[in-house]
Amino acid sequence: MIRECILCTTAADGEIHFAPIGLIAEGEHLVIAPFRPSRTLDNLRAVPFAVASYTDDPRPFAGLLTDRRDWPRFPARRVPGAVLEAALAHAELAVARVAEDRTRPRFFCRVLHEENHAPFRGFNRARAAVIEAAILATRLDLLPREKIAREIAYLEIAVDKTAGAAEREAWEWLMRRIGPVLAGESP
């Protein structure tokens, strides 16, 4: 099972970095598998802790992929890092071991602390569609344009039918990034 979240890692100099990522639930661990190269990977090697913010607000997922990096946050309680203010819950993680890989090393993490911040008010198809579009936006150079176009067309149905203002804003940010690829430009 993969849990989509906004992951906070910390650089050796203390700089905070947020990135959307799917955490892999594997036994008692949450596994972070960042692609090479990435700031998330570099930060985990320098400071082996992370904070997973679980949010139902799609804007941080879309925003972080479209150069909107300044999200309200507050300090984590037990590890270096920060919690997204929009988090319904968060988990503070410590790297227990690393399985090296040429493409995506796997950081097996123990949960040191978990906290709930706000109630979950139910599912929204548009939010799920934005998350799927955000994942597509990270793979523009890996997938055929036709596949991206088909998936975006399908996801747009859920956005058109069920989106609120936050989902529409996040969708527009992503379409500004994905649109040129659909028009035949390079990512």
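Modeller: Two residues are in contact when heavy atoms of theirs lie within 4.5 Å. With that in hand, Thr10 touches Glu15, Ile16, Asn43, Val47, Pro80 and Gly81, leaving out residues up to four places away in sequence. This is a predicted model: local features need pLDDT of at least 70, side-chain atom pairs count only at pLDDT 80 or more, and totals for chains, interfaces and linings use all residues. Residues are numbered from 1 along each chain as its sequence is written, and side-chain values use heavy atoms, without hydrogens and water.

Biologist: Where is Thr10 placed, and is Thr10 buried or exposed?

Modeller: Thr10 sits in strand 1, residues 2-10. Strands (E, at least two residues) and helices (H or I, at least four) are DSSP runs numbered from the N terminus. Buried means under 20% relative accessible area, exposed over 50%, and partly exposed in between (1.4 Å probe, protein chains only). Thr10 has 5% relative accessibility, so it counts as buried.

Biologist: Which residues are in contact with His90?

Modeller: Beyond its neighbours within four places in sequence, His90 is in contact with Val51, Ala52, Ser53, Tyr54, Val83, His113, Glu114, Glu115 and His117. His90 belongs to strand 7, residues 89-99, and is buried because its relative accessible area is 2%.

Biologist: Which residue's side chain is joined to that of His90 by a polar contact?

Modeller: That partner is Glu92, at 2.8 Å. A polar contact is a pair of N or O atoms within 3.5 Å; within protein, one must be able to donate a hydrogen and the other to accept it, and residues adjacent in sequence count only if both atoms are side-chain atoms.

Biologist: Now the loops, please. What kind of peptide bond joins Arg36 and Pro37?

Modeller: The bond between Arg36 and Pro37 is cis, with omega about -20°. Pro37 lies in the loop between strand 3 (29-32) and helix 1 (39-46). Another loop, between helix 2 (58-65) and strand 5 (73-75), holds Asp67. Asp67 is not a glycine, yet its phi is positive, about 65°. With a relative accessible area of 69%, Asp67 is exposed.

Biologist: How do I read two packed helices?

Modeller: They are described by the angle between their axes and the distance between the axes. Here, the axes of helix 3 (residues 125-137) and helix 4 come within 8 Å and cross at roughly 155°. That is why helix 3 is roughly antiparallel to helix 4. On the helix 3 side, the contact is made by Arg125, Ala126, Ala129, Glu132, Ala133 and Leu136, and on the helix 4 side by Ile148, Glu151, Ile152, Leu155, Ala158, Val159, Lys161 and Thr162. These contact residues divide into 9 nonpolar, 1 polar and 4 charged.

Biologist: Which cut-offs and groups apply there?

Modeller: Angles under 35 degrees are roughly parallel, over 145 roughly antiparallel, 65 to 115 roughly perpendicular and the rest oblique. Asp, Glu, Lys and Arg count as charged, Ala, Val, Leu, Ile, Met, Phe, Trp, Tyr, Cys and Pro as nonpolar, and the others, Gly among them, as polar. Axes are lines fitted to C-alpha atoms, for helices over the stretch in contact, with angles from 0 to 180 degrees between N-to-C directions.

Biologist: At what angle do the axes of helix 4 and helix 5 cross?

Modeller: Helix 4 (residues 145-162) and helix 5 (residues 165-182) cross at roughly 160°, with their axes coming within 12 Å. Helix 4 and helix 5 are therefore roughly antiparallel too. Among the residues making this contact are Ile148 and Leu155 of helix 4 and Trp171 and Met175 of helix 5.
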